[in-house]
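Keep the structure open while reading.

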Amino acid sequence: MKVSVLDQTQLMEGMEPEDGFARTVEIARHADGIGLERYWVSEHHGSGTLAGSAPEILAAHLLAKTGRIRIGTGGVMLTHYSPFKVAESFRVMSALAPGRVDLGIGKAPGGTHLPTILLAGGRSLDDWGPRKTDRFPEMAGELLEYLADDLPEGHPFSGHLRVSPAVRETPDVWILGTGPSSARLAAELGLPYAFAHFINSDEDEMAETVGLYADRFRAAGHAGTPRALIAARAFIADTDDEADFIARSALHAQFWSHRGRQVKLPPPEQALGDVKTAKERDEIDMIRSSWLIGSKETIARKLGDLSERTPFGEVMAVSPVFEAEKQKRSLELLKEAAEGI
């Protein structure tokens, strides 16, 4: 099983965005050095705790700072943008680092109402809203046409438009999602699919969704085989107890996120101090149970169980650990746990 990383540039207590981006570069270089498959960065707007508002810029920087690993976006929220502009930006990245660029696209806004309005050029939310998210399949198809320089006959620009720059190899496009509609679209377009387990941790739904993608991909007669990954919260250490300890910072942030408050990650020894009641402790246990937390041996068993139910060949770790060295160790152990699966 392949191992990759989704980095949201999660800020720790005491960190400013400059520090967070430096940490992202540090972890990406480590992931490159230990042989991980890909390193994606996310898109979030109006956040004081997740710094990555322009993933295409950060991804381009990471391409220059690494040498082998695939770099990409998890993802570009396509409904904010012109597919033509996205195609041009990622063609430039592909020219700078041929064969190493991934373009993950999604339809979520990646932020609250005000940034969404401003990303739409100041138009009202009604001009964005459900009508524009419903256009995501159309926009995804348009993006693929621009990347391939293959506008269909009857398109008003067919024969007149060339997307620049012309490149030897275009980016590898992935559809991101958490349910059947995104899986069907990925299968219809013949694209690889990334399921966000860290957003929808219902494993029955995940198995059904990824299975639907694989079945429909094959039924559509696309060349090659379907490719699916799952992106999951993952915290691995030398012992189960230590893994549980390093996960405390992220559990603390998740606890407060459920209450509408975004917080920077505290040191694990200071985390969860506000969890007082039995109901709150049960909530933490429920969150913890949906994450990949444990020793290498524990995680190997968990990944084996997941892969028996869900046809995926790659796990993408969302692992905001307070200390950089422990985050690096977590990724090393995840790679070792996945090697035999």
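## Burial and the Arg-38 pair

A residue counts as buried when its relative accessible area is under 20%, and as exposed when that area is over 50%. Arg-38 has a relative accessible area of 2%, so Arg-38 is buried. Note that this is a predicted model.

Which residue meets the side chain of Arg-38 in a salt bridge? The partner is Glu-314, at 2.7 Å from N to O. The pair links distant parts of the chain. Arg-38 sits in strand 2 (residues 38-41), and Glu-314 sits in strand 9 (residues 314-318). They are 276 residues apart. Glu-314 has 4% relative accessibility, so Glu-314 is buried too.

Arg-70 and Asp-102 form another salt bridge, with the closest N and O atoms 2.7 Å apart.

Asp-102 is buried, at 0%.

## The network

Side chains of opposite charge can pair when their charged atoms come close. Here, Arg-38, Glu-314, Arg-70 and Asp-102 are among the members of a network of salt bridges. Lys-2 and Glu-37 are linked in that network as well. How many salt bridges are found in the whole structure? The search finds 23.

## An exposed pair within a helix

Asp-215 and Arg-218 meet through their side chains in a salt bridge of 4.0 Å, N to O. Both lie in helix 8 (residues 203-219). They are 3 residues apart, about one turn of the helix. Asp-215 has 52% relative accessibility, so Asp-215 counts as exposed. Arg-218 counts as exposed at 54%.

## Helix 12 against helix 13

Helix 12 covers residues 296-309, and helix 13 covers residues 324-338. Their axes come within 8 Å and cross at roughly 50°. That angle makes helix 12 oblique to helix 13. The crossing is right-handed.

Which residues make the contact? Helix 12 supplies Lys-296, Ile-299, Ala-300 and Leu-303. Helix 13 supplies Leu-333, Leu-334, Glu-336, Ala-337 and Ala-338. By class, the contact has 7 nonpolar residues, 2 charged residues and no polar residues.

Key: Residues are numbered from 1 along each chain as its sequence is written. This is a predicted model: local features need pLDDT of at least 70, side-chain atom pairs count only at pLDDT 80 or more; totals for chains, interfaces and linings use all residues. Side-chain values use heavy atoms; hydrogens and water are left out. Axes are lines fitted to C-alpha atoms, for helices over the stretch in contact, and angles run from 0 to 180 degrees between N-to-C directions. Helices (H or I, at least four residues) and strands (E, at least two) are DSSP runs, numbered from the N terminus. Angles under 35 degrees count as roughly parallel, over 145 as roughly antiparallel, 65 to 115 as roughly perpendicular and the rest as oblique. A crossing is left-handed if the near helix is turned anticlockwise from the far one by less than a right angle, and right-handed if clockwise. Contact means heavy atoms within 4.5 Å. Ala, Val, Leu, Ile, Met, Phe, Trp, Tyr, Cys and Pro count as nonpolar, Asp, Glu, Lys and Arg as charged, and the others, Gly among them, as polar. Buried means under 20% relative accessible area, exposed over 50%, partly exposed in between (1.4 Å probe, protein chains only).
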